[in-house]
Amino acid sequence: WETALDRILLGAALAEEEQRYVGSALPLDDVDSTDVDLAGRLAELLDRLTTVLGDLSGTHPAAHWFDTLDRALDLLGDVAPADAWQAVQARSVLDEARRSAQEHAAVALGLGDVRALLARRLQGRPTRTGFRTGALTVCSMEPMRAVPHRVVCLLGLDDGAFPRGAGADGDDVLLRDPLVGERDRRAEDRQLFLDAVTAAGEHLVVLYAGADERTGAARAPAVPVGELLDALDLAAAAPDGRRVRDHVVVRHPLQTVDERNFAAGALGAPGPFSFDALTHAAALTARAGDPPPRPFLPAPLPPADDGAPVDLEELVRTLEHPVRAFVRRRLGVTLPGEVEEVEDRVPLELDGLERWQIGDRLLSAALDGVELRRALQAEARRGAAPPHWLGGAVLTEVAGQVEPIVEAASTHLNAPARTIDLTVALADGRELTGTVTGVRGDVLVRTVFSRLAAKHRLRAWVQLLALAAARPGTTWTAVTTGRGPGSSARAAVSVLTA
């Protein structure tokens with residue numbers, strides 16, 4: 001967070017040009033005014049957190065700790081006017097603890113001691129439960145043996161989650177020699193379950209996950225639920241000879257489009273269990289089976305507008321990715337781009353795309369005249385590479401791939417680069433218009449970090465033909481430089497002449 005914040009604040013004052021950095025921070029480009037205000041608020045929050053965490057370290061007398069907690073409430077606590085009582089209550093708890101610690105004011109306390117001192121005062125207090133109001137009451141499992149209810153619903157009685165585990169605490173000396181009468185959480189939960197069963201007057205509903213949500217494998221209920229089902233089988237007999245549990249246990253399907261959700265009586269209800277029209281339509285479609293295959297295009301497409309001028313860049317993109325161009329231009333279909341999730345973990349390794357992005361930035365910096373060592377220092381501060389030695393190894397490897405490309409392209413970078421706007425009349429009466437960049441003298445130079453492929457040669461070929469048609473008196477050459485095939489560190493050069 002601090003590194004990202006430093007980049008934002010520095011980006012408000014400096015542009016990300018010429019691989020400039022200050023200390024360990026690299027300016028973040030394109031920081032808007034609204035982002036500056038948000039970054040300032042975040043910077044203030046981090047500063048307050050740093051101050052509070054610094055005050056909460058070490059051992060100090062009790063008075064220091066209570067003054068620190070008071071200051072933490074001022075720096076980090078803010079409530080709406082309607083909730084102002086919370087701040088008053090918090091300070092009341094601190095004042096009460098301060099008075100109780102006056103007799104031991106000289107004793108040095110650590111943060112753990114203060115936490116233990118305030119634990120009892122800050123623990124949750126049970127409130128008055130609104131039973132017998134005639135409305136729905138949602139609560140945790142509590143002793144209810146004397147409180148009858150018409151309907152009792154128990155949720156989440158899964159094996160492993162209920163009863164609560166009785167894991168041994170290494171600091172609990174009572175567990176070394178347990179005695180009769182000491183608290184047992186599992187036994188208490190079983191008693192609460194029994195109270196809930198006996199409190200149900202008309203209906204008892206017990207819910208548990210009976211199948212794995214991914215594989216559909218059967219899961220057993222909690223042990224008390226299994227014992228209840230065993231007791232029902234022993235206590236009664238069904239007229240059809242089946243076990244009682246087969247009549248009272250309803251296994252719901254995992255998918256909302258399952259047919260049983262819409263069949264009357266299939267899930268224990270007199271009518272259908274679900275009334276969702278959309279999922280019902282999906283269930284009917286699934287029952288009908290897969291529809292017969294249809295042609296991708298039911299009819300020929302209308303002819304394209306032959307009179308429109310041809311854009312050079314669109315022509316190049318069509319040759320590079322013909323299917324994508326057909327879907328976008330002729331069918332008018334554009335898929336939404338994937339929204340990249342903000343990664344909250346430190347990167348330890350990079351995939352191919354992330355390595356290519358680093359290499360492309362290093363190559364662009366080197367072609368702009370920036371020393372490769374300085375570009376590596378700036379890239380290490382960007383936060384895209386793994387930290388410390390892991391990132392150093394990755395950046396060194398990528399830089400080793402950039403150097404031969406720069407060396408191979410340097411022989412064609414002597415002349416200044418210029419941009420040529422061109423218009424070419426085509427044989428069918430249309431015009432080809434566009435702009436060709438990277439022209440140095442009579443050589444079209446393009447340098448990429450990617451492995452040299454057919455699409456790079458196609459781009460150079462189309463642009464070279466456009467230059468030759470627009471400026472027929474010059475012998476044009478197109479030089480494309482990229483990485484060699486495979487894992488080779490050598491550069492590959494493609495030369496075309498018109």
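**A tour of the salt bridges**

Begin by selecting Asp67, Asp70, Asp74, Arg91 and Arg98, which are linked in a network of salt bridges, a salt bridge being a side-chain nitrogen of Lys or Arg within 4 Å of a carboxyl oxygen of Asp or Glu. This is a predicted model, in which local features need pLDDT of at least 70 and side-chain atom pairs count only at pLDDT 80 or more, while totals for chains, interfaces and linings use all residues. Residues are numbered from 1 along each chain as its sequence is written, and side-chain values use heavy atoms, with hydrogens and water left out.

Next select aspartate 70 and arginine 91, which form a salt bridge at 3.3 Å, N to O, and which link helix α3 to helix α4 across 21 residues. Aspartate 70 is buried at 17% relative accessible area, whereas arginine 91 is partly exposed at 29% (buried means under 20%, exposed over 50%, partly exposed in between, with a 1.4 Å probe and protein chains only).

Finally, move to arginine 355 and glutamate 397, a salt bridge of 3.0 Å, N to O. Arginine 355 sits in helix α12 (residues 352-367) and glutamate 397 in helix α14 (residues 388-409), so the pair joins parts 42 residues apart in sequence. The structure holds 23 salt bridges.

Terms used
Helix = DSSP H or I, 4+ residues; strand = E, 2+ residues; numbered from the N terminus.
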